[in-house]
Amino acid sequence: MKKLFATLLAGAVAVCGIAALGACKDENTLVIGYTLYAPMNYKDESGKLIGFDTEFAEKVCAELGYTPKFQLIDWEQKISELESKKIDLIWNGMTITDELKENIAISDPYLENKQVVVMKLEDKDKYTDVASVGAAASIAVESGSAGEATVTDNGYTSKLNKMTAQSDCLLEVKTGSSEVAIIDYTMAKSMTGEGTDYADLTYVDVGYAEEEYGVGMRKEDADLLKQINELIAKYKQDGTLDGLVKKYLV
Amino acid sequence: MEFLHVEGFRKQFAGTEVLKDINFDLPKGKILAIIGPSGGGKTTLLRCLNFLETPDEGKVFLDGELLSDAKATYSQKERREKQLKFGLVFQSFHLFPHLTAIENILLAPDLLAKDRVKEQFKERKKAAKGPARKALKKEEKQALKELSAENKRHAEELLGQVGLSEKRDSYPSQLSGGQQQRVAIARALALSPEVLCFDEPTSALDPELTGEVLKVIRALKGRTLIIVTHEMAFAREVADYVLFMTDGVIEERGTPEEVFLHPQKEKTKAFLKHMEEYHDE
Amino acid sequence: MTAFWNVTLALLEGFGSTCLIFAATLVFAIPLGLLVTFGSMSRFRPLKWLMRTIVWVVRGTPLMLQLIAIFYGPALLFGIDGLDRVPAVIVAFVINYACYFSEIYRAGIEGVPRGQAEAGQVLGLKKSQVFFHITLIQLIKRIVPPMSNEIITLVKDTSLARIISVTEIILVAQEYTRQGLIWPLFYTGVFYLLFVGVLTLLFRYTEKKLEYIKI
């Protein structure tokens, strides 16, 4: 019996040891947390990860001499992922908010965004401005997103359906579980309308306040923040960012 | 001092004295019947003798030597060796349900043989190296094989003795209560205990099945037995000595004739009278 | 058709992780659960209460919370690098399931009549011999039905691994959903059903094999 105990204990210790070894990270690698989110980070037919932010991050890493490693994360865990050093950067069409700034460092904005309203094609004339959206019976938003903040800021009293991903909001509207969804313009543009799986959905820009995307990182990584900000400025000037906009957003 | 000598057994359960200074002797090869009302401490006495309970006080001498003392502490190994001097047949058999009749009998002898052989070869194997070690391993295997063949032969003989040779490969669930108890007796005999104890061996049986079990026990005459029983006629017939126990004390003792025909104490008389009436019903 | 084939392949890959988590959890949790049982039944009180407290905490909190605590906890609280994603999932699942298993074992052990162990004891057997040759098989017979239940639950619980972004089958399917393809998510059900179907047959076979023991 004692031998059995000892063997089991030894086994458990060995497993932990191996697991801990596996967790060692390379100094020259930057782990970039993302969620699948077209057109910022998504996969092409062959399964390769592409998108505005994917290509942008690859360029930045190449110029700084890092190897990028893209790590799929659960968006709700993004701060935990960052603080526990499982990832080094959040680069996934993250809207800059004051709440986020309190907890993490965020780069200068590199892309403008706004929230738009997604609805079924037949509802196109029902929701045309900020006030009319408030009449919707239910609104789908991603939990903790800029879309949710929009609902709060505009004082909507509709039933709020909080999803774990923006893309799930589209499914909500398609199936009629929610009447409208408030999500990022960039995503709405690339994922709705003809030629997409959500051809029966459309979006309307009702004129919500503009927002900006930034790259998130730990506050202690001040050097990295400086380097990334310099490159964002450079890419804005030399047309690199405009090129990405043309490639993915237009 | 006789072959078995029990001295000053005391046992309390949660403040209630179940055994109050129990002393008795039993010569080798004799049969002792213990009778008395339920709750009188008979079962506890057997459990203490078989190391299932530790008495608070008391000593057991076997063959003139001190076997156990409640005040001493024994290692697991010592305890097991002492335990093997006694055997116990339970009221509700406690056969192992996953083993056949023969396997039930063989389990303990085979495991003990394995331990013993291992022990025997342990030191020699440690010292030996290479081919010598290999040869020893072979020798060990052979020794074990011989022992288990011997165990098997013995077990089959015992099954025959309790009249169940043809039930050799039956599981307990396929046996009647009486047959199960006979297997249990064979199982206890397989380890050749110095003293074999029976705890009301027929109480859990239907009346028509008690006869076959009593017959098997009767055939054990010549061994040292302690039988706790409610079968007065049987006790009177087979026992050499009788103890009447009640309220944790031995109220009366003697030959069957003395206790059954000429009881001295009122309690004994009342008990015997009660049993007689019960029997007549 | 190629789309169907590609999705099937991708889901199969995710299902690989599902199976890995499942198998590793069983391999470690089944014996570890037994240790927890012995601990929680120990006559040494501090050990007993420690084990019972652990079981209480583990059974009393959501597995999802435990996953997050084990994966992020060490780094957030102590600045230690901690475990990688898959090992973290396995550790969390092993601890969680060991505690559930231990309670099933405990009920099983307590269900084996005391007379069985006593019969072994008066035959001069060691405690370990009594356990392995007498109690264990009767215990197994008793716990197969509740264990089957728990193990089938485990198959489906593996989908929680996606909380810390381990790409098991549901997460793979959700990736498709996020790109607009909805049916793969429902298609995963087929994988689960087949897996549980095989397990169910296996459990039935085991029960049949143990039928000869009547307790």
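Tutor: Let's begin with pLDDT, the predictor's confidence in each residue, from 0 to 100. This structure is a predicted model, and chain B averages a pLDDT of 92.

Student: What makes chain B one to read residue by residue?

Tutor: Local features need a pLDDT of at least 70, and 99% of the residues of chain B score at least 70.

Student: Why is helix H1 (residues 42-49) of chain B called mostly covered?

Tutor: A buried residue has 20 or more other C-beta atoms within 10 Å of its own. In H1(B), 6 of the 8 residues are buried, so the helix is called mostly covered. Among the buried ones are B:Leu45, B:Leu46 and B:Leu49, along with B:Lys42. After H1(B) comes B:Phe51, with a positive phi near 65°.

Student: How do you know that chain A and chain B do not touch?

Tutor: Contact requires C-beta atoms within 7 Å. The nearest C-alpha atoms of chains A and B are 14 Å apart, and the two chains do not touch. Of the 2 pairs of chains in contact, A and C share the most contacts.

Student: What makes up the side of chain C that touches chain B?

Tutor: On chain C, 19 residues are in contact with 21 residues of chain B. Helix H5 (114-122) and helix H6 (127-157) of chain C each supply at least two residues of that side, and H5(C) gives the largest share, 6 residues. By class, this side of chain C has 9 nonpolar, 7 polar and 3 charged residues.

Definitions and conventions
Residues numbered from 1 in each chain as written. Chains lettered and ligands numbered in written order. Predicted model: local features only at pLDDT ≥ 70, side-chain atom pairs only at ≥ 80, totals over all residues. Buried ≥ 20, exposed ≤ 12 C-beta atoms within 10 Å, placed from the backbone. Helix = DSSP H or I, 4+ residues; strand = E, 2+ residues; numbered from the N terminus. Nonpolar A, V, L, I, M, F, W, Y, C, P; charged D, E, K, R; others polar.
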